Number of protein chains: 2
Amino acid sequence: MRYQLYYWPTIQGRGEYVRLALEEAGAAYTDVARGGNGVAAMMKMMGAGKGVPPFAPPFLKVGNLVISHTANILLYLGSRHDLAPKAEAGKLAVHALQLTITDFVVEVHDTHHPLGPSLYYEDQKGPAKKRTAEFWKSRVPKYLGYFEDLLDANGGAYVTGRRVTYVDLSLFQLVAGLRYAFPSRMKTFERKIPGLIGLHDRVAARPNIKAYLASDRRIAFNEDGIFRRYKPLDV
Amino acid sequence: MRYQLYYWPTIQGRGEYVRLALEEAGAAYTDVARGGNGVAAMMKMMGAGKGVPPFAPPFLKVGNLVISHTANILLYLGSRHDLAPKAEAGKLAVHALQLTITDFVVEVHDTHHPLGPSLYYEDQKGPAKKRTAEFWKSRVPKYLGYFEDLLDANGGAYVTGRRVTYVDLSLFQLVAGLRYAFPSRMKTFERKIPGLIGLHDRVAARPNIKAYLASDRRIAFNEDGIFRRYKPLDV
């Protein structure tokens, strides 16, 4: 069964965590909105009609099943592609970690959009500066410190132990994204998370991920995504 | 098996969505942090050690299993207490709706904390005003409009059809919370969501919920929770 992924075609965004899982799994998928009329097809599936149409991308179509929300899609894919435990306890635990990442991603986005997602960054530069300062002072250390501790407590290879899960792929993306958006701040901060930096490198070296990152399926970071490089925010 | 819920003892917050589900289910549970030494017990379980300790409350202990994140706890409880479909497709669909509510709850919190959760509201009153204006102009209509449409498309009783799910309990809480925090704005807006107002009343009238709301187990809304009544934000 070929998966159909629906997500904005020009950004990594929240879809990237799904792309990384599909790529690591070597799963056959179409990134629908990147093909002809794909965005129109995506918009048509959202927001109205009987059943439970998605509120927003990303969503994954598997036959007649449509699954929305990044963490929910990963929950579905994880146990099918050996990227999470199959037993309920482990499945819920890994899902909880992904939901913590979801919360962090919102906070990353809020650094450049503290006054809301509907306004431009240019209209909220001052508040963005303040929010970003707070983000690096307390939020990054709290979130990444948690994952660093977890990694350490569970042996140092991957965050829940010796086997890679979709959470590790997402942590790779967080490190890569923070490096892109905040090169200067991240340079200093990386010393505090040696474990996560090692994990980032280990994920990047996995054959399927390595091939993906070198392909044109990997969209470059840019200023429409979650991780944006705005000089005034990276002091 | 008696559930042990861990959440901050003086606010409804994110724990309230879990409390509502447990109450509707008539499940036996202890609200641990509201008892003696409960907060200390809760803090002890967080953030470090082998396995996957919770990042933050709420979390639910079921025997040896510890499940964190509101939506994840509801995913677990839903199929066990007839508050969500048992089959995978329905389970994932209801979970997706709850994750949309999770996103909305973050945006509610950001109305009074646009510069970050670590600063006081008093230090971000100006940005809070702007974020709140944006919230009511575009975010509330988008989110609640989505649920209103869904309710309408699925028959008008509950959001996915004739049977109540934990999502309906959460939608009750959103309406109640918005009424508390923004009485004046909500008074005007309610005309646009007659279906959700009806759903709110239907949930409030369910015997177990009605008894819960009248009990002292229901903590009153207050200015430490997600929904806060700050006059300058309710124009």
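A polar contact here is a pair of N or O atoms within 3.5 Å. With that in hand, here are the close-ups, all taken from a predicted model.

**View 1. Q12(B) and the backbone oxygen of I219(B).**
A polar atom of the Q12(B) side chain sits 2.7 Å from the backbone oxygen of I219(B). Look for Q12(B) in the loop that runs between strand 1 (3-6) and helix 1 (15-25) of chain B. Q12(B) has a relative accessibility of 5%, so it counts as buried. Once its neighbours within four places in sequence are set aside, Q12(B) touches Y7(B), R19(B), Q173(B), R218(B), I219(B), A220(B) and F221(B).

**View 2. The salt bridge between R217(B) and E23(B).**
Staying with chain B, we have the side chains of R217(B) and E23(B), which meet at 2.7 Å, N to O. R217(B) belongs to the segment after helix 9 (207-214) of chain B and E23(B) to helix 1 of chain B, so this pair ties together parts that lie 194 residues apart in sequence. Are the two partners buried or partly exposed? R217(B) is partly exposed, because its relative accessibility is 36%. E23(B) comes out at 8%, so it counts as buried.

**View 3. E24(A) meets R206(A).**
Over in chain A, the side chains of E24(A) and R206(A) form a salt bridge, with N and O 2.8 Å apart. E24(A) lies in helix 1 (residues 16-25) of chain A and R206(A) in the loop between helix 8 and helix 9 of chain A, so the pair links parts that are 182 residues apart in sequence. In space, their C-alpha atoms are 8.0 Å apart. E24(A) has a relative accessible area of 12% and is buried, whereas R206(A), at 23%, is partly exposed. Leaving out neighbours within four places in sequence, the contacts of R206(A) are E24(A), Y158(A) and V164(A).

**View 4. A salt-bridge network in chain A.**
Here E16(A), R19(A), D31(A), R34(A) and R218(A) are linked by salt bridges into a network. For context, a search of the whole structure turns up 24 salt bridges over all chains.

**View 5. T70(A) and its contacts.**
T70(A) is part of helix 3 of chain A. With a relative accessibility of 11%, T70(A) counts as buried. Which residues does T70(A) contact, leaving aside neighbours within four places in sequence? They are R14(A), Y17(A), V18(A) and P58(A).

**View 6. Where chain A meets chain B.**
Each chain puts 50 residues into this contact. The size of an interface is often given as the accessible area lost when the parts come together. For chain A and chain B, the buried area is about 4200 Å², and carbon and sulfur atoms give 64% of it. The interface also has 4 salt bridges and 19 residue pairs in polar contact, both residues at pLDDT 80 or more. On the chain A side, the elements that give two or more residues are strand 4 (65-68), helix 3 (70-80), helix 4 (88-112) and helix 5 (125-153). Helix 4 of chain A gives the largest share, 13 residues. By type, the chain A side splits into 24 nonpolar, 14 polar and 12 charged residues.

R131(B) lies in helix 5 (residues 125-153) of chain B and D110(A) in helix 4 of chain A, so the pair joins two chains. Both R131(B) and D110(A) are buried.

**View 7. Helix 4 and helix 6 of chain B.**
Helix 4 (residues 88-112) of chain B spans 37 Å from first C-alpha to last over its 25 residues, close to the 36 Å expected at 1.5 Å a residue. This helix 4 is mostly covered, with 19 of its 25 residues buried. Helix 6 (residues 166-181) of chain B has 16 residues and reaches 22 Å, close to the expected 22 Å. Helix 6 of chain B is mostly covered too: 15 of its 16 residues are buried.

Key: Residues are numbered from 1 along each chain as its sequence is written. Chains are lettered from A and ligands numbered from 1 in the order in which they are written. This is a predicted model: local features need pLDDT of at least 70, side-chain atom pairs count only at pLDDT 80 or more; totals for chains, interfaces and linings use all residues. Side-chain values use heavy atoms; hydrogens and water are left out. Contact means heavy atoms within 4.5 Å. Buried area is the accessible area (1.4 Å probe) that two parts lose on being put together, summed over both. A polar contact is a pair of N or O atoms within 3.5 Å; within protein, one must be able to donate a hydrogen and the other to accept it, and residues adjacent in sequence count only if both atoms are side-chain atoms. Helices (H or I, at least four residues) and strands (E, at least two) are DSSP runs, numbered from the N terminus. Ala, Val, Leu, Ile, Met, Phe, Trp, Tyr, Cys and Pro count as nonpolar, Asp, Glu, Lys and Arg as charged, and the others, Gly among them, as polar. The expected span of a helix is 1.5 Å times one less than its number of residues. Buried means under 20% relative accessible area, exposed over 50%, partly exposed in between (1.4 Å probe, protein chains only).
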